[in-house]
Amino acid sequence: EFNSITIPSTIVKIDHILSEYCKVKEINVSEDNPKYYTNNGCLIDKETGELVWAYAANTIPCDDTIHKIGSHAFYGRKDIEHIVIPDNIAEVASYAFSHCSNLKTVTFSNANCIIGDGCFYNCTSLSMVKLPELLSEIRRNTFAECKALETLDIPNLVKTVDRYALG
């Protein structure tokens, strides 16, 4: 476990970081860094508006510059029980919340949010999800291995439920 990580101005690419394996209390980004900044325990890509890594956050910042929760951004976080995806988020990428074993409830505020493959894969305590009203597809592995999920209200506009999306 790291107390802190400092990201210099020269770093312009960070692939997804599996937070289950890399724990850190604080990230400091150089003010001269053209690509990244931090907000409320989250590392954010300035150019794309992607929340890259929620290293110390239990909530998603309602920062109007954030539009996407990146692949594996909350992966393996055991300290999250409830999450609200705010209006400013248009997409939650593949496996963003996978393996969050204590995650119990998820609410999408944005009616038009896209949910990536395996987004909640193996969230074994997940029991309630309020899906976006305008969702059109439930992708592969989205709720696979979510053993506590007993009821799922699928919005009327969903046309496709991919293989292995549920169960």
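Begin by selecting the open sheet of three strands, ordered E7-E9-E11 and paired in parallel, where strands (E) are DSSP runs of at least two residues, numbered from the N terminus, and two strands pair if DSSP finds at least two bridges between them. Its edge strands, each pairing on one side only, are E7 (82-85) and E11 (128-130), and the twist averages 5° from one strand to the next. This is a predicted model, in which local features need pLDDT of at least 70 and side-chain atom pairs count only at pLDDT 80 or more, while totals for chains, interfaces and linings use all residues. Residues are numbered from 1 along each chain as its sequence is written, and side-chain values use heavy atoms, with hydrogens and water left out.

Next, colour E7 and strand E9 (residues 105-108), which run parallel and are joined by four bridges; isoleucine 85 has phenylalanine 108 in E9 as its bridge partner.

Now show the cysteine sulfurs: the whole structure has zero disulfides, a disulfide being a pair of cysteine sulfur atoms within 2.5 Å. For cysteine 100, the nearest cysteine sulfur is that of cysteine 123, 5.1 Å away. Cysteine 100 is buried, at 1% relative accessible area, where buried means under 20%, exposed over 50% and partly exposed in between (1.4 Å probe, protein chains only).

Finally, select isoleucine 154, in the loop between strand E12 (137-138) and strand E13 (160-161); isoleucine 154 is partly exposed, with a relative accessible area of 39%.

Key: Axes fitted to C-alpha atoms, helices over the stretch in contact; angles between N-to-C directions.
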